[in-house]
Every structure is written in structure tokens, then in C-alpha cells.
Amino acid sequence: MSSTTIKKWLITGASSGLGLEMALSALRAGHHVIGTSRNIEIAAASNPEFDRLGGRWLKLDVSQPEAQEVLEKLFSQEEEYQQSQHWVVVNNAGNSLLGAVEDMSEGQISAYLQINLFGPIRVWKAALPVLRRHKMGTLITISSIWGIVNKSEHMMYSAAKATIESLTESYADVLAPFGIRVMIIEPGGFRTKFPANASRSDGGTTEDYAERINAWGDIIDAAGKDETMVNGDPGRFGEKVLDAVEKQGDFKKIWMDQVKGKVLRVQLGSDCYEILGKRLRELQDGYEKMSEIAKSTDIC
């Protein structure tokens with residue numbers, strides 16, 4: 001391991017998919033990892049390598065308000081053993097939701113935001129006082145390419161990711177004086193069970209949107225049954241996140257050139273890189289067209 005510091009990782013939603021791969025990569029590199037899961041018995045039985053490498057499970061449901069109290073207790077206990085340590089806090093837990101927002105009940109929207117928006121905020125509230133006190137640490141938000149490029153067929157998913165990306169970016173600025181690095185990871189499609197766990201709008205689908213939303217739903221269903229529909233390698237994902245944290249490999253020069261106080265956005269997957277490139281070109285085109293119009297409202 002190239003870093004001189006053995007770090008302590010907290011990864012929410014670590015029992016499967018990309019969360020598990022990040023945990024295993026960190027453990028293999030010699031770091032300490034605390035992985036959260038709503039059911040730690042199933043998590044432990046399903047992932048023996050995690051335990052064999054020294055990982056620890058923490059029962060946690062980020063959608064519940066008491067999650068913050070559970071995490072505060074965890075950090076308090078950890079502080080008793082080691083007063084100065086580099087925490088890597090990874091907000092990874094979350095799920096997808098397909099459909100138009102007008103077809104979702106307020107109850108479904110509220111429950112979704114409890115997991116995907118309030119959940120990460122609860123983690124931050126518990127973790128950031130500790131990171132600031134140590135004047136070091138790494139804050140990571142696992143987003144999606146659909147957090148920076150909207151996907152209309154699952155607009156609540158995109159909206160939640162866009163919101164948490166904006167909050168993460170704001171934290172990069174205020175945490176920089178405390179030596180805390182901030183990253184947003186924007187994955188494309190990876191061969192995990194994530195598509196198979198997508199929820200649908202509980203009010204059905206408005207007929208005017210049905211053809212488009214159902215077509216995308218069919219693709220998600222197919223990807224849930226056949227992981228080979230996408231090219232992302234979860235193991236390589238975990239390794240790249242580790243490289244980013246350790247400032248090694250491809251990320252050594254990137255961190256050297258990184259502007260202090262700015263979030264490091266990391267796109268993983270050739271598909272998401274292509275999608276983002278198209279979106280940036282669209283924004284640039286619109287920006288250039290607005291040049292004279294923007295100036296036209298100034299006081300003469």
C-alpha cells in the first residue's frame with residue numbers, strides 16, 4: 001500500500017454491489033472497514049471474505065432518524081481507541097425509482113428521500129465533526145451519471161442524486177480548510193444486482209408517458225436478469241475508488257492538479273463518460289447562444 005496511513009472506512013450499503021467491492025478493495029489494501037447493512041446476519045453469511053479480511057458489520061438503516069445516533073455512538077467508541085485517524089466516509093446506500101413524479105404518492109416520495117437524501121445527510125451530521133476535529137479525512141458520495149445528466153424515466157432518482165451532488169460540492173468548499181478531501185463518484189452501468197432492485201411509481205404510469213417509461217423499464221428489467229448487458233466491472237470499480245482515496249495510479253497527478261476547495265468528480269465507466277460528454281457539449285452550445293441575451297438585461 002502506497003499510503004503511509006492506514007485509514008478507517010465507513011461504507012453504507014456495503015453488503016452487496018459496488019459498496020461491497022469498495023469494502024473488499026480497502027480491506028485487501030490493509031485498511032480497516034466498517035460496513036453497514038440493514039441485516040448484518042445476512043450480510044455476514046453472504047460475504048465471508050469481508051469477515052475473513054477483518055471487516056466489521058454495523059446494523060444501520062439510513063432511512064431512519066435514529067441512524068445518526070447510531071453513528072454518533074460508533075464514532076464515540078472508535079475515538080476511545082485511537083485519537084487521530086483518517087476516516088473515509090462513503091455514502092453509498094440507496095436505490096432507484098422508475099416513473100414520473102406525478103404518478104408517485106407523497107408517501108412514496110417521502111420514503112424515497114429518507115433513504116437517498118436524508119440518509120446521507122444523517123451520515124454527514126454524525127461523521128463530519130470527527131473529521132474536522134482530526135483535520136483530515138475523505139468524504140465520498142456515490143452518485144450516478146444520472147445525477148449530473150438527468151434521466152426522465154426515473155426522474156426522482158436523478159433529482160435525489162443531483163441534490164446530494166450539489167450538497168457534496170458545497171461541503172468541498174467549507175471542509176477544505178480542515179484538510180478534508182471530497183469526491184463524487186458517478187458510475188455508469190456495472191454488473192451488479194442494482195437494476196433488479198429498482199422500484200416503480202406506486203400510482204402506475206400516466207398513459208401519455210407509458211410508451212417511453214415502460215420501454216426504459218423493460219431495459220432495466222432485462223439488465224436485472226442479465227448483468228452482461230453492461231460492461232462495468234464491479235471489482236475494478238472498487239480498485240479505482242481505492243486509488244482515488246490513496247492518490248495513487250491514475251489519480252496521483254489528478255490530485256496534484258486539483259484545486260483546493262473543489263470537489264473531485266470521478267466518472268467510472270465508458271458509457272457514463274460518453275453520456276457526460278454529450279451533455280457538456282449541449283450545455284456549451286446553449287451557453288454560447290445566451291451570450292448576448294444574458295448581457296441584454298444589464299443596466300445601460
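**Loops, cores and a cavity in a predicted model**

Q: Where is Lys135 found in this predicted model?
A: Lys135 lies in the loop between helix 5 and strand 6. The structure is a predicted model.

Q: Why does Lys135 count as exposed?
A: The relative accessibility of Lys135 is 54%. A residue is called exposed when its relative accessible area is over 50%, and therefore Lys135, at 54%, counts as exposed.

Q: Why is Lys247 called partly exposed?
A: Lys247 has a relative accessible area of 41%. Lys247 belongs to the loop between helix 9 and helix 10.

Q: What is noted about the phi of Lys247?
A: Phi of Lys247 is positive, at about 55 degrees, although the residue is not a glycine. Lys135 likewise has a positive phi, near 55 degrees, and is a residue other than glycine.

Q: How do you know that the span of helix 5 is close to the expected one?
A: Helix 5 (residues 106-134) has 29 residues, and from its first C-alpha to its last it reaches 40 Å.

Q: Where does helix 5 bend, and which proline follows?
A: The bend, of about 40 degrees, is at Phe118, and Pro120 follows within four residues. Pro120 is also one of the residues that line the largest cavity.

Q: What makes up the lining of the largest cavity?
A: The lining consists of Asn91, Asn92, Ala93, Asn116, Pro120, Thr141, Ile142, Lys161 and Ile164. Helix 5, strand 6 and helix 7 (155-175) each supply at least two of the lining residues. The volume of this cavity is about 60 Å³, and the structure holds two cavities of 30 Å³ or more.

Q: Which residues have the most contacts inside the largest nonpolar core?
A: They are Trp9, Ile11, Val33, Val90, Ile140 and Phe237, in a core of 31 residues. Among the elements that give two or more residues to this core are strand 1 (8-11), helix 1 (17-28) and strand 4 (87-91). Helix 1 gives the most, with seven residues. Another core, of 27 residues, lies apart from this one and includes Leu58, Phe75, Leu139 and Val263.

Q: What is Val33 in contact with, leaving aside its neighbours within four places in sequence?
A: Val33 is in contact with Trp9, Ile11, Ala23, Ala26, Leu27, Phe50, Gly55 and Arg56.

Definitions and conventions
Residues are numbered from 1 along each chain as its sequence is written. This is a predicted model: local features need pLDDT of at least 70, side-chain atom pairs count only at pLDDT 80 or more; totals for chains, interfaces and linings use all residues. Side-chain values use heavy atoms; hydrogens and water are left out. A nonpolar core is a set of buried Ala, Val, Leu, Ile, Met, Phe, Trp, Tyr and Cys residues joined through side-chain atoms within 4.5 Å. Buried means under 20% relative accessible area, exposed over 50%, partly exposed in between (1.4 Å probe, protein chains only). Contact means heavy atoms within 4.5 Å. The expected span of a helix is 1.5 Å times one less than its number of residues. The bend at a residue is the angle between axes fitted to the seven residues ending there and the seven starting there. On a 1 Å grid over the protein atoms alone, a cavity is a set of points where a 1.4 Å probe fits but cannot get out, and a pocket is an open set with protein on both sides within 12 Å along at least five of seven lines; lining residues have an atom within 4 Å of a point. Grid points are joined across faces, edges and corners, and a volume is the space filled by probe spheres set on the points.
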